[in-house]
Amino acid sequence: MPQQSVPAPVHRTVPGPAGRIHLVEQGSGPLVLLVHGFPESWYSWRRQLPALAAAGYRAVALDVRGYGRSSRPADVSAYRMTELAEDNVAVVEALGERSAVLVGHDWGATIAANSALLRPDVFRAVALLSVPYAPRGGPRPGEVFAGMGGEEEFYVARFQEPGRAEAEIEPDVRGWLAGFYAAFSADTMPGPDAPDPHFAARAGTLRERFPAGHPDWLSEDDLDVYAGEFERTGLTGALNRYRNMDRDWEDLAAFDGAPVTQPSLFVGGTRDASTTWLSDAIAAYPATLPGLVASHLLEGCGHWIQQERPEEVNRILLNWLASAPVRTSQSARTGG
C-alpha cells in the first residue's frame, strides 16, 4: 500500500463483554488489531501504530482485559482465553468492522492464535511475535509448571497463587518492571553462567536474579508509562492470565491439536527463551500453522521484539500484510 499522511493516534473506549476496552487507534484502511503481553499495555505497540497507519492500515492497539484503562473484573476466571478472544471480537464489532488481522506479542500471541482458532469468521490472518503457536494438548499445564525447576520454582508456577507475586512486585512496581524487562532483553539479560531469571529459590524472589540497568529500547519516559499504569491498577488483572491456564486447557479440549489455518506469520528472537524452549513448536509449523507465509528469527534479539527491533519488525509485518495470501484472504472477506 502507498504511504499515507499519518493522523495523530486517538484514545477511546468501546464496550466489551466485561465492561470497557481501552484502545488506541491510528490510520484508516483494513483493520489490524495489536494485542500485547505481560507486563505491558497498548504502549508496547507505539512504534508499530504510525508505521501501519502510514502504510494504509487502521492500526488499533488495545489494553487487554485487566490492564491499563480496560475493565478489571474481580473474578479470576474472567481472564480465561475464551473470554479474551471474545474481547477481540467485541473490538472488531465496536469499530464497525466485520473482520481483522491479528498481531500479538507474548501472551498476546497466544490470545491472537486462539482468537483466530475460535473465530475464523472474524480473524482472517494472524501474526505471532516471540511466542510460537502450540496447540492445546498434553498434560494439565499446572502440573507441568509445578514440576519444573527441581529445587527452584518456575515463574509461571510462582504466579499461580493469588497475591503472592503481587506481594513481591507492588511495593516497587517501577523497579521490578525495570528488572523484568532487562532480564529478557538481549542487551541486558544475564549471561549463560548466571542464575536463570525464569526461576527463583522457593523462599526467595524473582527480582533477586534481575540484572541492573535499562535495556536500550526502554527510556526513562517509557518506564514511567508502564510503571504509572501498574501503580494505578496493581498487577492482579495481568497476573490472572497465568491463573487460567488450567481452565484454558479444559475449555479448549475440543481443539486438542487443532491447527490455525489462516495466513500466518511468526517472528522471534534468537536470544529469547520463548523461541529456544519452544523450538519443537516452531518445527511443527507445517502441521500447526499450515497457512504460514513467513517465519523469521532475528539474530541477537531478545523477548521484547517489537520494541527491541521496531524498524525490522515493522518491515516484516508490512511485507507480510502486503503478501498475496493475506491480501487474498482480506479480499475474500470484504468482497473487494
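Colleague: Where is Pro39 found?

Modeller: Pro39 is found in the loop between β3 (31-35) and α1 (48-54). Helices here are DSSP runs of H or I with at least four residues, strands are runs of E with at least two, and both are numbered from the N terminus. Please note that this is a predicted model: local features need pLDDT of at least 70, side-chain atom pairs count only at pLDDT 80 or more, and totals for chains, interfaces and linings use all residues. Residues are numbered from 1 along each chain as its sequence is written, and side-chain values use heavy atoms, with hydrogens and water left out.

Colleague: Is the peptide bond from Phe38 to Pro39 cis or trans?

Modeller: The bond from Phe38 to Pro39 is cis, with omega near -15°. Most peptide bonds are trans, and most residues other than glycine have a negative phi.

Colleague: Which residues have a positive phi, then?

Modeller: Asp106 is one of them, with phi near 60°, and Ser130 is another, with phi near 80°. Asp106 sits in the loop between β5 (100-105) and α3. Ser130 belongs to the loop between β6 (123-129) and α4 (141-146).

Colleague: Does Asp106 count as buried or exposed? And what about Ser130?

Modeller: Asp106 counts as buried because its relative accessibility is 10%. Ser130, at 0%, counts as buried as well. Buried means under 20% relative accessible area, exposed means over 50%, and partly exposed lies in between, with a 1.4 Å probe and protein chains only.

Colleague: New topic: how many cavities of 30 Å³ or more are there?

Modeller: There are three cavities of 30 Å³ or more. A cavity is a set of points, on a 1 Å grid over the protein atoms alone, where a 1.4 Å probe fits but cannot get out; its lining residues have an atom within 4 Å of a point. Grid points are joined across faces, edges and corners, and a volume is the space filled by probe spheres set on the points.

Colleague: What is the volume of the largest cavity, and which elements give two or more residues to its lining?

Modeller: The largest cavity has a volume of about 70 Å³. The elements that give two or more residues to its lining are α3 (107-118) and α9 (236-239). Among the lining residues are His36, Tyr67, Trp107, Ile111 and Arg241. The lining divides into seven nonpolar, three polar and two charged residues. Nonpolar covers Ala, Val, Leu, Ile, Met, Phe, Trp, Tyr, Cys and Pro; charged covers Asp, Glu, Lys and Arg; the others, Gly among them, are polar.

Colleague: And what lines the second largest cavity?

Modeller: Its lining includes Val35, Asp63, Asp87, Asn88 and Ile111, around a space of about 50 Å³. Helix α2 (residues 81-94) supplies the largest share, three residues.

Colleague: Let us turn to α15. Which of its residues are buried?

Modeller: In α15, Pro310, Val313, Asn314, Ile316, Leu317, Trp320 and Leu321 are buried. They lie on the same side of α15 because they cover an arc of only 165° around the axis, taken from the directions from the helix axis to the C-beta atoms. On the other side of α15, Glu311 and Asn319 are exposed.

Colleague: Finally, how many helices and strands are in the protein chain?

Modeller: The protein chain has 16 helices and 10 strands. Of its 336 residues, 58% count as buried. Its C-alpha atoms fill a box of roughly 60 × 45 × 40 Å along the principal axes.

Terms used. 1 Å grid on protein atoms, 1.4 Å probe; cavity = no way out; pocket = protein on both sides within 12 Å on 5 of 7 lines; lining within 4 Å.
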